[in-house]
Amino acid sequence: MTGRSDLIIESEWLEAGKVKTDGVVGDVTTTEGIRVTEEWNKEGNVKVTSVQIRTKEAAGELERPMGTYITLEIPELRQEAEVVREAAEFCLEEQLRLLLEKKDAEHMLVIGLGNREVTADAIGPLTIEDIFVTRHMVDAYKSIRENYRVVSALVPGVMAQTGMETMEIIRAVVREVNPDVVLVVDALAARSAGRLGTTIQLTDTGICPGAGIGNNRRELNKDSIGRTVIAIGVPTVLDAVGIATEDVMEEVRDLFVMPRGIDSSVHYISEILAEGINRTNRRESSE
């Protein structure tokens, strides 16, 4: 029994060494249907790992949809140093721009999944608080239209608060506002304590809310809502099974733990995510 995880880099198939890196920056050996690249930013404080799943067979092996998964590992992020924060925001912007590069994304709907009242699940709603929304201004202000994408935002809440599936709310809003791309922000689960609050995962395959903690809701992806769905997530909880001794694994199989200082970490990370998204939505170059 192993702990559950939403992170592609914690996939048992990858961690078992079936896809081995060769240490060459920007290029690695691959197995059929999967390509993995690893590199550090120029400051050496952000490790960027890209996993591309290219075939149905590889998707079956990894138990993930075909697509691109980008992971930013920032070990020093917990120190909340300004230089690390700036590096994280820049790398997030850079990688998000890459995911959006070949997509028509004039209008982006940003969605914060999760429960604002539960600290470890509040990253999505907190991120939305700092998103620069423009949809209501683009027709009135020429400078906004020239310098920013059309951006709208939504915090749909959770079923216990609304009585509705998140999918139902999002699909209705998508029909009404007609965005080109949907960007979803959510909290994730990890197996490694070292990745809590220090890792950001981006993917163009969508997301299954609650999958990491076994509380699966309906998947949010292009098939289900008719729009490209890009997901950004940060692990905030750890499956207790991953750190339990063998004799108590059954007793803790439905327990998840969070680190000390989670409240501060969640607010800090949500600000980084919002700034990275806002910078991506500016039309000018990130340089």
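The legends below describe close-up views of a predicted model.

**Figure 1. Confidence across the model.**
The mean pLDDT of the protein is 84. Of its residues, 82% reach 70 or more. Residues 21-29 are a stretch where pLDDT stays under 50. For this stretch the model has 20 contacts beyond four places in sequence. Where pLDDT is low, the predicted coordinates should not be read in detail.

**Figure 2. Threonine 228 in strand β8.**
Strand β8 covers residues 228-239, and threonine 228 is part of this strand. Threonine 228 counts as buried because its relative accessibility is 15%, and buried means under 20%. Apart from neighbours within four places in sequence, threonine 228 is in contact with Lys103, Asp180, Val181, Val182 and Lys222.

**Figure 3. The salt bridge between arginine 279 and glutamate 93.**
The structure holds 13 salt bridges. In one of them, arginine 279 pairs with glutamate 93, and the closest N and O atoms are 3.0 Å apart. This pair links distant parts of the chain, 186 residues apart. Arginine 279 belongs to helix α9 (residues 262-280), while glutamate 93 belongs to helix α3 (residues 82-100). Both arginine 279 and glutamate 93 are buried. The two residues also belong to a network of salt bridges that links Arg85, Glu89, Glu93, Arg97, Glu271 and Arg279.

**Figure 4. The salt bridge between aspartate 204 and lysine 103.**
The side chains of aspartate 204 and lysine 103 form a salt bridge, at 4.0 Å from N to O. Aspartate 204 counts as partly exposed because its relative accessibility is 23%. Lysine 103 is also partly exposed, with a relative accessible area of 26%.

**Figure 5. The salt bridge between glutamate 129 and arginine 116.**
Glutamate 129 and arginine 116 form a salt bridge in which the closest N and O atoms are 2.5 Å apart. Glutamate 129 is in helix α4 (residues 123-129), and arginine 116 is in the loop between β4 and α4. The two residues are 13 residues apart. Glutamate 129 counts as exposed because its relative accessibility is 51%, and exposed means over 50%. Arginine 116 has a relative accessible area of 38% and is partly exposed.

Note on methods
Residues are numbered from 1 along each chain as its sequence is written. This is a predicted model: local features need pLDDT of at least 70, side-chain atom pairs count only at pLDDT 80 or more; totals for chains, interfaces and linings use all residues. Side-chain values use heavy atoms; hydrogens and water are left out. pLDDT is the predictor's confidence in each residue, from 0 to 100. Contact means heavy atoms within 4.5 Å. Helices (H or I, at least four residues) and strands (E, at least two) are DSSP runs, numbered from the N terminus. Buried means under 20% relative accessible area, exposed over 50%, partly exposed in between (1.4 Å probe, protein chains only).
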